[in-house]
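Hi,

Here is the structure I promised to pass on. Have a look at it first, and then read my notes below.

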Amino acid sequence: MITKILEQVVSILQLGGPVVTVIAGLSVIALALILVKVFEFLFCGIGNTRREKEGVQAWLSNQQRHAITHIQRSKSAAGKAVLTTCQLLEKRAQKPEIEERVSVQAASDLHHFSKGIRALEAIAQVAPLIGLFGTVLGMIEAFQALQSAGSNVDPSVLAGGIWVALMTTAAGLAVAMPVSLIVTWLEGRLEAERIAIQTLTSRLLLPESGILDYQPDGPVTEPAFAYAH
């Protein structure tokens, strides 16, 4: 079974020429990047802020130790930003200092998680252009053969050359479309993470969060306002 699949792949590469080979190479790179990024996002919980929201809710309920312990398990950028905010609040740091340190840390974390997405965007943009370039080259060869044949034109040979040329465009589109969808999903998760960092840390820094009258692990009270999950 595997041998037949490999033989078909080799025949397609030979038929499509170097252009299809280049597109196939891009597809392998794209697949590797997608697997790495999807695993990283799911493992670190990028875009899934349930744990961070629960931690903020616990902090606002005056359960500071529980909040920090809960958030420490998070591996996301939002989790690290919320944890840093809580730890600085414990040390009674000033609001401008907290905002500056969280901003620098969040920018670094978001940059780390965005690595590889630009490469996927480039592949999604370049793959169909390479396919179109291969089609243009194939059409040129087909019409050169038509001119050389003169009046002895074999329509089947001409048709064969044209469909082989069009195959490169199809290959390019076949790579670009799924990669574009994955890039959109990854960027959506990053955007959700960015918004979570802004909203959750800002909520901790509101006067109602206890920045002015902080008491470690005091009695449990109702939060200043409910946070929607």
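To start with, how many disulfides does the count come to? The count comes to zero disulfides. Keep in mind throughout that this is a predicted model. There are cysteines to look at, though. Cysteine 44 counts as buried, at 16% relative accessibility, and cysteine 86 counts as buried too, at 0%.

Next, the inside. The largest nonpolar core has 45 residues, and Trp59 and Val179 are those with the most contacts inside it. Helices H1 (2–44), H2 (50–60), H3 (64–71), H4 (77–90), H5 (95–114), H6 (117–149) and H7 (155–204) each supply at least two residues of this core. Which helix gives the largest share? That is H7, with 10 residues. As background, nonpolar side chains in soluble globular proteins tend to be buried together.

Some nonpolar residues sit on the outside, however. Leu132, Phe133, Val136, Leu137 and Ile140 form a nonpolar patch on the surface, and together they have about 440 Å² of accessible area.

Now for the aromatic rings. The count comes to three aromatic pairs. In one of them, the rings of phenylalanine 39 and phenylalanine 43 have their centres 5.8 Å apart and their planes at 10 degrees, so this pair is stacked. Both residues lie in helix H1, four residues apart, which is about one turn of the helix.

Another pair is phenylalanine 41 with tryptophan 185: the ring centres are 6.4 Å apart and the planes are at 40 degrees, so the pair is tilted. Phenylalanine 41 lies in helix H1 and tryptophan 185 in helix H7, so this pair ties together parts that are 144 residues apart in sequence. Phenylalanine 41 is buried, with a relative accessible area of 0%, whereas tryptophan 185 counts as partly exposed at 33%. Phe41 and Trp185 also belong to one aromatic cluster together with Phe113.

On to the charged side chains. How many salt bridges does the structure hold? It holds six salt bridges, and I'll walk you through some of them.

- Glutamate 54 and arginine 50: their side chains meet in a salt bridge at 3.2 Å, N to O. Both lie in helix H2, four residues apart, about one turn of the helix. Glutamate 54 is partly exposed, with a relative accessible area of 28%, and arginine 50 is partly exposed as well, with 46%.
- Arginine 65 and glutamate 90: the closest N and O atoms of this salt bridge are 2.5 Å apart. The pair links distant parts of the chain, since arginine 65 is in helix H3 and glutamate 90 in helix H4, 25 residues apart. Arginine 65 is partly exposed at 38% relative accessible area, and glutamate 90 counts as partly exposed at 26%.
- Glutamate 121 and arginine 118: these side chains meet in a salt bridge at 4.0 Å, N to O. Both lie in helix H6, three residues apart, about one turn of the helix. Glutamate 121 is partly exposed, with a relative accessible area of 23%, but arginine 118 is exposed, with 68%.

Last, take a look at a couple of loops. Which loop holds asparagine 62? You'll find asparagine 62 in the loop between H2 and H3. Its phi is positive, about 70 degrees, although asparagine 62 is not a glycine. Asparagine 62 counts as buried, at 17% relative accessibility. Arginine 92, in the loop between H4 and H5, also has a positive phi without being a glycine, near 60 degrees. Arginine 92 is partly exposed, with a relative accessible area of 48%.

That's everything I have for now. Enjoy exploring!

Cheers

Note on methods
Residues numbered from 1 in each chain as written. Predicted model: local features only at pLDDT ≥ 70, side-chain atom pairs only at ≥ 80, totals over all residues. Heavy atoms only, no water. Core = buried A, V, L, I, M, F, W, Y, C linked by side-chain atoms within 4.5 Å. Buried < 20%, exposed > 50% of the residue type's maximum accessible area, 1.4 Å probe, protein only. Patch = residues over 30% accessible without salt bridge, like charges linked within 9 Å, V, L, I, M, F, W, Y side chains within 5 Å. Areas by Shrake-Rupley, 256 points an atom, 1.4 Å probe, with all protein chains shown as cover. Disulfide = S-S within 2.5 Å. Phe/Tyr/Trp six-rings, centres within 6.5 Å; stacked < 30°, edge-to-face > 60°.
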